[in-house]
Amino acid sequence: MNLTVSSSPHIRGNDSTRRIMRDVNIALLPALLFGIYHFGVSAAIVTAVCIVCAVVTELAANRFLIRDHRELDGSAVVTGMLLALTLPATTPWWVAAIGSVFAILVVKAMCGGLGQNAFNPALAARALLMLVFPTYLVRYFEPQGLLGTADAVTAATPLHHMVMPALPEQSLLDMFLGNIPGCIGEVSTLALLIGGAYLVYRRVISLRIPLAYLGTVAVLTLVFHKTDNAIAWTLYSLMGGGVMLGAIFMATDYATSPVTPLGQVVYGIGCGILTVVFRYYGLYPEGVTYAILIMNGLSWAVDKWTPPVLFGSKGGAA
Amino acid sequence: MKRLFWGGLHPADRKSLSSSAQLDTDFQPKAVAIPMQQHIGAPCTPLVQVGDTVKMGQKVGDGQGLCVPVHASVSGKVIAIEPRRHPSGRDILSVVIENDGLDTPDTTLVPHPDYAKLDTDTLLAIIREAGVVGHGGAAFPSNMKALTNLGKIDTLIVNACECEPYITADDILLRTSPAEVLEGIRIVAQLLTPTRTVLAVEDNKQEAIAILREKLSGAKDMELLVLPTRYPQGAEKQLIQAVTGRQVPSGQLPSAVHCAVFNAATYYAVYRAVCLGKAVTERIVTVTGEAVRSPRNVLCRIGTSYQELIDAAGGLTEDVWKVVCGGPMMGFAQENLETVTIKGTNSVLCLAQFRNQEKENPICIRCGRCVQVCPMHLQPLYLYRYRNNPAELKRYHVLDCMECGCCAYTCPGKLPLVETIRQGKSKVREAAGK
């Protein structure tokens with residue numbers, strides 16, 4: 001009889017990295033499926049290219065760069081899918097491929113791989129593509145439906161109206177459902193909220209970061225509204241562009257956000273402030289990508305500034 | 001449900017394996033090995049020699065200072081005095097007694113059913129002579145704990161949480177001897193004169209709760225507090241927080257917040273010592289786990305080998321993986337079955353290999369679950385990250401870790417957090433010693 005002698009605890013919970021990644025992928029499906037339904041097959045192609053490139057790059061990086069025999073854990077699929085969701089359906093396949101390889105190889109693997117990267121790979125890749133191929137990333141077209149072609153009329157996204165500043169021509173209901181031009185995964189607030197609710201239900205994310213982020217955007221746009229109808233302005237600000245996708249799926253990325261409860265609130269507020277500032281004063285109508293990337297860089301510092309109150313550190317007898 | 005202490009989690013408790021079984025009271029080991037150290041403090045020196053005949057309950061070892069005596073748990077002949085395997089993993093000098101099966105009683109200790117008349121010094125001496133130590137695991141001598149708390153506390157807590165999965169020893173004790181446990185509580189209350197006495201039980205022990213409720217109906221001197229089941233509620237600091245809302249300051253004892261906590265089985269031992277004049281020679285041990293054929297609770301003589309105890313529970317199954325002294329969250333894995341039970345042994349847990357174990361390349365994904373579940377509000381991921389840097393470890397309060405295992409249990413990356421933090425603590429202590 002051979003008894004194993006090792007440290008307590010002798011039992012472990014069911015949670016695993018693979019299971020978490022699977023949950024994130026499941027949570028992204030509503031937004032992805034809506035994107036394909038809304039923008040057509042081209043959205044599916046962009047997504048497939050991103051996912052395949054991410055997984056292949058991850059395999060190669062694990063084999064030749066990291067070399068510790070780690071297995072695929074589903075995180076590359078998450079990165080690929082997230083990147084695709086931040087791209088317009090009209091993005092050429094090779095642009096998507098470059099972004100995806102960059103995300104996994106440079107942003108993730110070269111920093112040490114899973115959990116070690118300072119910046120969200122999908123967002124960093126999107127930032128690179130915006131820098132190098134801006135023409136492809138700011139061209140939006142009227143949604144064509146499932147079988148439509150992507151060479152039709154150029155469209156103005158809600159955010160394009162809002163820089164004027166003016167309320168977008170789309171109705172709030174269309175904004176909520178996603179009946180608007182934009183990137184593949186950002187248009188439908190409803191689909192994103194369904195995914196977010198699933199993540200919260202599965203305890204993959206807590207509400208701290210999304211609520212702090214969206215709450216800050218709401219408060220700032222309400223106070224500093226640019227049209228007469230402040231409430232409509234706020235709602236359009238929340239549902240337009242990538243803030244919903246960013247708050248639910250990007251800012252909650254484990255590796256690049258704080259782990260302390262207070263730190264997560266601070267981080268969410270920071271993302272919200274920067275998003276509004278970039279939207280109001282930036283070169284582009286959108287500011288989510290750079291807002292989250294900057295906060296990524298601060299998240300370890302935020303952890304240091306916001307340690308949990310140590311048990312027994314204050315208060316003796318009650 | 002409202003959380004009464006910070007962090008924690010609710011692992012599958014697996015208590016039903018052994019909780020429905022009758023208490024096995026007829027078990028007699030063929031031989032026992034009484035270790036000279038079953039408590040925190042100085043070891044005992046043997047008082048008998050090889051060849052001596054000893055009676056059941058006879059003192060076979062004693063010492064000076066922070067030390068309580070150990071007693072023969074069977075009657076019979078001393079066949080060896082030699083180092084034997086102790087649950088800590090070390091070999092400890094032990095008096096080995098061959099059981100004659102007669103249980104010829106030793107009558108040195110006398111019963112004091114009229115304990116209300118006894119003064120503090122006499123009571124403490126009785127408790128010491130009977131070898132009473134904390135039965136929850138740490139095994140601090142109870143007379144010393146009571147002595148250092150005299151006049152300092154307002155709240156006396158009975159720890160009957162039994163928050164570790166699998167273990168049902170205290171549950172069975174409360175169901176089979178509730179009146180005796182309550183009597184023990186009243187003895188300790190007489191010593192420590194608390195203004196509030198709280199019997200804390202987790203709500204997964206409904207049968208015991210019903211019995212206690214009936215026994216305590218109309219009682220004014222103590223209250224039954226039913227707590228939502230959550231690990232590690234039975235940890236001393238967490239239980240004090242759950243019961244009183246007070247936090248024991250870092251590095252201090254419960255008396256700093258005017259509380260004293262004893263395990264339910266300890267009160268039972270106090271009752272036996274004072275009212276019956278019996279030394280600590282037996283206790284209830286849960287023999288359980290998926291890898292033992294017929295899990296049960298055994299009234300077990302101190303010093304019984306795991307082999308005999310497990311045989312009494314039908315033996316191990318083929319797929320046994322670990323045999324643990326104590327619970328699955330904080331217990332000690334044993335190398336073999338020669339280990340013997342001691343006063344603090346509440347469980348012999350036989351686990352079969354299962355999923356979810358550590359991987360070869362554990363990866364921290366910074367999910368932060370360890371931070372959420374840590375009842376001390378530490379940040380285990382950083383204690384892991386800075387494992388080789390004593391200065392950083394100290395800055396992250398590594399020494400406040402009580403190794404409850406919540407972080408490692410919940411970690412999706414299966415990091416060896418507790419093991420690493422334990423090593424980190426010794427590094428910090430070494431660095432401080434230099």
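## A mostly covered helix, a sheet and a helix pair

Let's start in chain B of this predicted model. Helix α4 (residues 169-176) of chain B is mostly covered, with six of its eight residues buried. Those buried residues are Ala169(B), Asp170(B), Asp171(B), Ile172(B), Leu173(B) and Leu174(B).

Chain B also has an open sheet of four strands, in the order β11-β10-β9-β12, with parallel pairing. Its edge strands, β11 (223-227) and β12 (259-263) of chain B, each pair on one side only. On average, neighbouring strands here are turned by 25° against each other, direction ignored. Strand β9 (residues 155-160) of chain B pairs with β12(B) in the parallel sense over five bridges, and Asn159(B) has Asn263(B) as its bridge partner in β12(B).

| Helix of chain B | Strands of chain B touched | Direction angle |
|---|---|---|
| α5 (residues 178-192) | β9, β10 (196-202) and β12 | about 155° with β9(B) |
| α6 (residues 206-215) | β10 and β11 | about 155° with β10(B) |

Now over to chain A. Helix α1 (residues 17-39) of chain A packs against helix α3 (residues 75-85) of chain A at an angle of about 25°, with the axes 10 Å apart. That makes α1(A) roughly parallel to α3(A). The crossing of α1(A) past α3(A) is left-handed. Residues making the contact include Met21(A) and Leu28(A) of α1(A), and Val78(A) and Met81(A) of α3(A). By class, the contact residues are nine nonpolar, three polar and no charged.

How do the chains meet? 37 residues of chain A are in contact with 56 residues of chain B. The chain A side has 17 nonpolar, 16 polar and four charged residues.

Conventions. Residues are numbered from 1 along each chain as its sequence is written. Chains are lettered from A and ligands numbered from 1 in the order in which they are written. This is a predicted model: local features need pLDDT of at least 70, side-chain atom pairs count only at pLDDT 80 or more; totals for chains, interfaces and linings use all residues. Two residues are in contact if their C-beta atoms, placed from the backbone, lie within 7 Å. Ala, Val, Leu, Ile, Met, Phe, Trp, Tyr, Cys and Pro count as nonpolar, Asp, Glu, Lys and Arg as charged, and the others, Gly among them, as polar. A residue is buried if 20 or more other C-beta atoms lie within 10 Å of its own, exposed if 12 or fewer, and partly exposed in between; C-beta atoms are placed from the backbone. Helices (H or I, at least four residues) and strands (E, at least two) are DSSP runs, numbered from the N terminus. Axes are lines fitted to C-alpha atoms, for helices over the stretch in contact, and angles run from 0 to 180 degrees between N-to-C directions. Angles under 35 degrees count as roughly parallel, over 145 as roughly antiparallel, 65 to 115 as roughly perpendicular and the rest as oblique. A crossing is left-handed if the near helix is turned anticlockwise from the far one by less than a right angle, and right-handed if clockwise. Two strands pair if DSSP finds at least two bridges between them.
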